[in-house]
Amino acid sequence: MTSFLDPLISFVSAHAWLAYLTLFLAALLEAVPVVGSVIPGSTIILALSALVPGGDLKLPFVLLAAGIGAVLGDGSAYWLGHRRQREILNTWPLTNYPRVIEESETFFHRFGTWAVFFARFVPPIRAFVPITAGALGMTPARFYAVNIPAILLWAPAHVLPGVLAVSAFHEYFGVPHHGHPGKHIWILTVIAVAIIGGLGLWYYRRRQNVGAVAAAKPRA
């Protein structure tokens, strides 16, 4: 795996604008309903944050790319829901995700305006709450008053852990930042956690669906 990461890190160093574009698209697509449930946007952002301490990427640009992508992604989903109202929730492809839509509505009714804030940190409903907020009639002023502060916290929360972890590794072990050990460890850890978390979530939802089907069957 490290033999794959070395040329990848070198490529990013030489073409930083592609990394910023990737961060932007990862944050944007993660906020798009349905698409956001399969795009590992947070994983990409967390992994690429390891390239900041060595100077391969610049922290302000990383935060800016992730933040703008999230604002545009959430905003697009919200305005789609705001324009189509509740009709959008009963339209393909959202009809293929009835349980997540139900969870998003329940989340919204439970927390009200704050649902937009909390959902930014809770996958996979993060990709469904903005469109739900628009569909259920939240005003643009209320949406952005909560959404933008949430993103201002969300972006550093996804970028700084990698920056601090890799910086601490190099500082503690005395390894120069142009070496790759810290970057390798962080990137591989993020990927491993994402895979384990994804499998755990898939298994949990599979158990839920099996239970729902069993409960729906009429008893003899």
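## Helix α4

Helix α4 covers residues 59-84, which makes 26 residues. At 1.5 Å a residue, α4 should span 38 Å, and its end C-alpha atoms do lie 38 Å apart, so the two values agree. This is a predicted model.

The buried residues of α4 include the glycines G67, G69, G73, G75 and G81. The alanines A65, A66, A70 and A77 are buried as well. V62, D74 and Y78 complete the list of buried residues in α4. Just after the helix comes Q85, with a positive phi of about 60°.

## Where α2 meets α4

Helix α2 runs over residues 16-30. Its axis and that of α4 come within 7 Å and cross at roughly 30°. Angles under 35 degrees count as roughly parallel, and α2 and α4 are therefore roughly parallel to each other. Their crossing is right-handed.

Which residues of α2 meet α4? They are Y20, L23, F24, A27 and L28. On the α4 side, the contacts involve F61, V62, A65, A66, I68, G69, A70, L72 and G73. Among these, V62, A65, A66, G69, A70 and G73 are also buried.

## The whole chain

The chain holds nine helices and zero strands. Its pattern along the sequence is α-α-α-α-α-α-α-α-α. Of its 220 residues, 40% count as buried.

Now take contacts in the chain with a separation of 6 or more: residues 24 or more positions apart account for 75% of them. The accessible surface of the chain comes to about 11,800 Å². Carbon and sulfur atoms make up 70% of that surface.

Key
Residues numbered from 1 in each chain as written. Predicted model: local features only at pLDDT ≥ 70, side-chain atom pairs only at ≥ 80, totals over all residues. Heavy atoms only, no water. Helix = DSSP H or I, 4+ residues; strand = E, 2+ residues; numbered from the N terminus. Expected span 1.5 Å × (residues − 1). Buried < 20%, exposed > 50% of the residue type's maximum accessible area, 1.4 Å probe, protein only. Contact = heavy atoms within 4.5 Å. Areas by Shrake-Rupley, 256 points an atom, 1.4 Å probe, with all protein chains shown as cover. Axes fitted to C-alpha atoms, helices over the stretch in contact; angles between N-to-C directions. Parallel < 35°, antiparallel > 145°, perpendicular 65-115°, else oblique. Left-handed = near helix turned anticlockwise from the far one by under 90°.
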